[in-house]
Amino acid sequence: MNPHGLEISKAQRIAEDGLVSAIGNTPLIRLKRLSEQTGCNILGKAEFQNPGGSVKDRAAKFLVQDAEDKGLLKPNGTVVEGTAGNTGIGLAHVCRSKGHKLVIYMPNTQSQGKVDLLRLLGAEVYPVPAVAFENPENYNHQAKRHAERLENAIWTNQFDNIANRQAHIETTGPEIWAQTEGKIDAFTCASGTAGTIAGCTRYLKTVSDGRVKCYVADPPGSIIYTYVSSGAEMTERKGSSITEGIGQGRITDNLKPDIDLLDGALQISDEKSIEMVYRCLDEEGLYLGASSCLNVAAARDLAEKLGPGKTIVTILCDGAYRYADRLFSRKWLESKNLVNAVPEHLHKYIVLE
């Protein structure tokens with residue numbers, strides 16, 4: 001018998017409400033090698049262990065539950081969202097569990113694999129031309145109009161619906177505080193919709209009376225790093241990143257209430273993210289996506305910035321399973337000029353052409 005395992009099992013009990021009550025309560029994993037190298041305790045919250053495989057399960061649950069609680073979504077309703085990634089997958093699982101129909105709009109630049117997965121999970125999927133957010137034909141705006149045409153339907157509006165942020169105020173933040181027994185010095189993660197960084201920052205700042213330092217991590221091509229570092233100066237979005245679902249060209253409604261609570265921002269290059277994909281696999285046995293590894297790289301940089309002896313928590317958003325055909329492909333890495341970002345002794349993991 002494993003006493004520690006039994007203790008965890010008793011705490012988790014039975015997910016009485018089905019899949020939705022199995023979302024959250026993910027473990028914190030100590031990243032041993034990085035912790036040893038920095039002299040800090042670097043912990044990653046294993047969000048890839050959620051039923052739908054990512055941190056977005058939390059937002060999906062709260063977006064749907066909030067609409068139900070407000071009477072906007074009744075039984076056998078329709079949920080509509082514009083998403084090209086994990087939010088759609090999370091919503092598909094939640095909607096099936098609750099008996100709702102799901103409609104997804106996404107840019108037609110996304111892989112057929114993503115479309116097929118969403119349809120396999122029961123979603124009705126509309127790939128549409130990829131145009132800027134300002135264009136009325138942007139996939140998000142098309143999703144909104146679709147919902148408005150239907151009875152008993154909602155557009156979940158993940159970027160500006162603060163039920164997304166609330167998910168992390170009520171679950172992720174408290175879990176981190178409890179798991180570390182309040183012995184956390186800093187938190188960092190990237191911002192896409194900003195639900196995770198905003199909600200966790202709000203909770204951790206509140207419960208620690210401002211003691212916990214919170215830093216947003218940002219990929220190339222996003223304006224968040226410049227905005228936070230410059231003291232709220234808006235700049236034009238330039239460049240791009242290989243990471244998916246993070247980075248932003250505007251301040252979302254999820255981020256607005258909490259952006260002034262941030263202690264700073266960390267800009268993480270694609271080279272650092274890719275290096276960390278391979279390091280996490282080789283050194284920690286963790287098979288993580290690029291966005292997760294951007295967060296890990298940010299935690300490492302923050303550890304170096306704050307100095308030894310600190311406990312730093314970040315978010316392991318999802319695994320590499322949905323991105324393996326790129327992240328471990330020599331041809332793809334070469335096309336992005338990222339082969340040299342992979343340490344020479346880790347080239348053995350570049351197993352795909």
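**View 1. Tyr287 is partly exposed, with a relative accessible area of 27%.** Here, buried means under 20% relative accessible area, exposed over 50% and partly exposed in between, using a 1.4 Å probe and protein chains only. Tyr321 counts as exposed, at 67% relative accessibility. Welcome to a predicted model, in which local features need pLDDT of at least 70 and side-chain atom pairs count only at pLDDT 80 or more, while totals for chains, interfaces and linings use all residues. Residues are numbered from 1 along each chain as its sequence is written, and side-chain values use heavy atoms, leaving out hydrogens and water.

**View 2. The structure holds 4 aromatic pairs.** Rings of Phe, Tyr and Trp (its six-membered ring) pair if their centres lie within 6.5 Å; planes under 30 degrees apart count as stacked, over 60 as edge-to-face and the rest as tilted. Tyr287 sits in the loop between helices H10 (270-284) and H11 (290-306), and Tyr321 in the loop between strand E10 (311-316) and helix H12 (324-327), so this pair ties together parts 34 residues apart in sequence. Helices (H or I, at least four residues) and strands (E, at least two) are DSSP runs, numbered from the N terminus. Look also for one aromatic cluster formed by Tyr278, Tyr287, Tyr321 and Phe328.

**View 3. Strands E4 (residues 101-107) and E5 (residues 124-128) run parallel, joined by 5 bridges.** Strands pair if DSSP finds at least two bridges between them. Pro107 has Val128 as its bridge partner in E5.
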